Amino acid sequence: MPDRYPIAVIGGDGIGPEVVEAELAVLQATGLAFDFTHYPAGDDHQARTGQAMPAETIAGAQAARAVVFGAAGASAAEVIIRLRSELGTYVNLRPSRAYPGVACLRPETDLYIVRENTECLYVGDERAESPERAYATRLITAEASTRIARWAFEYAAAGGFRKVTAAHKANVLKVTDGLFLDCCRRVAAEFPGIELEEALVDSLAMRLVLEPGQFGVVVTTNLFGDILSDLAAGLIGGLGMCPSANLGDEHALFEPVHGSAPDLAGSGKANPSAAILCGAMLLDYLGEKEAASRVTGALERCLAEGETTGDLGGSLSTMEMARAVIERMG
Ligand code: NAI
Ligand code: MG
């Protein structure tokens, strides 16, 4: 275990730097030694320099033990999608868990969306054939599909889940999602104790709203994972509650599911819970399990006691809520 953890911090745009400040304060309060190095990226940096994602930021992210990210605005594709690719983080793990005390649609929700993070329509290969006709390429490979399916099954095995739900649209996208599903089936055969449930993504979207308690680990391709994870956020009280981890073999980047929320930026009203939960996921990744559960426990107590920001019905500012979490960390 290193004495100090070198962490690259990319606050980005809008509420990104605000929720990251709350997250870093909570991480400092664990008593562990972090070296936080801040790097620029995003719309503001682009407006100043012409570049949304400077090479210095990519190099800093690659050199660090892990990356803490806030949000990007309109330049999200150049910033976060580029970072995921440069860091080789092929998994995007997006937990959506309902917390006691948080008014929400479906308090039984406890979902772990495992989103393929490198291909699908997110390869960004679009072209206009004429002003009236445009194409996008949806790339699905056996390599990436097998890798994400195996990661999801291993995650399910480690967490004691008895099934993995694969969300697909193979009835229409027979070739691409057919390949994804075949890979899921082959991987499932390696895990006899875990059922593979195959679910059409549209019908799954409805079932997630009606009976989210029937689902745990959901593995899917990039775009479906993006959409389903915002749906899952809606079940548990909104985007302010959803963290995510981008994980690869060598790097990890932790970011809230939400974006830069221009409607809230600068008001001090952003809910820091998603970012603080990102901090707990980072601690877990570093092997600091005890610190991770101290952070999660303290946040849970805040939420249960109504010590929250306005989106959850409380009256605290972003940093006041961070301090309320820190007070409860013991
Ligand atoms: P958004 O996630 O920024 O906001 C959607 C809604 O949720 C807004 O009403 C916002 O106020 C609310 N919200 C989000 N985070 C919150 C928080 N922490 N506390 C309380 N309420 C919160 O998504 P939107 O509005 O679609 O996009 C805004 C910008 O963010 C766009 O420029 C988009 O490109 C970018 N974006 C960036 C992402 C990233 O950096 N990973 C992800 C999603 C969007
Ligand atoms: Mg999204």
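Student: Which residues is serine 96 in contact with, leaving aside its neighbours within four places in sequence?

Tutor: They are Thr109, Asp110, Leu111, Ser229, Ala232, Ala233, Ile236 and Cys242. Contact means heavy atoms within 4.5 Å. This is a predicted model: local features need pLDDT of at least 70, side-chain atom pairs count only at pLDDT 80 or more, and totals for chains, interfaces and linings use all residues. Residues are numbered from 1 along each chain as its sequence is written, chains are lettered from A and ligands numbered from 1 in the order written, and side-chain values use heavy atoms, without hydrogens and water.

Student: Why is serine 96 called buried?

Tutor: Its relative accessible area is 2%. Buried means under 20%, exposed over 50%, partly exposed in between, with a 1.4 Å probe and protein chains only. So serine 96 is buried.

Student: What makes β4 and β5 a pair?

Tutor: Two strands pair if DSSP finds at least two bridges between them. β4 and β5 (residues 110-116) have seven, in the antiparallel sense.

Student: What makes β2 and β9 edge strands?

Tutor: The open sheet has ten strands in the order β2-β1-β3-β12-β11-β4-β5-β10-β8-β9, with mixed pairing. β2 (34-38) and β9 (195-200) each have a single partner strand, so one side of each lacks a neighbour in the sheet.

Student: What angle do α10 and α11 make, and what class of residues meets there?

Tutor: α10 (residues 289-304) and α11 (residues 318-327) pack at about 120°, with axes 8 Å apart. Axes are lines fitted to C-alpha atoms, for helices over the stretch in contact, and angles run from 0 to 180 degrees between N-to-C directions. Val295, Ala298, Leu299, Cys302 and Leu303 of α10 meet Met321, Ala324 and Val325 of α11. By class, the contact has eight nonpolar, no polar and no charged residues. Nonpolar covers Ala, Val, Leu, Ile, Met, Phe, Trp, Tyr, Cys and Pro; Asp, Glu, Lys and Arg are charged; the others, Gly among them, are polar.

Key: Helix = DSSP H or I, 4+ residues; strand = E, 2+ residues; numbered from the N terminus.
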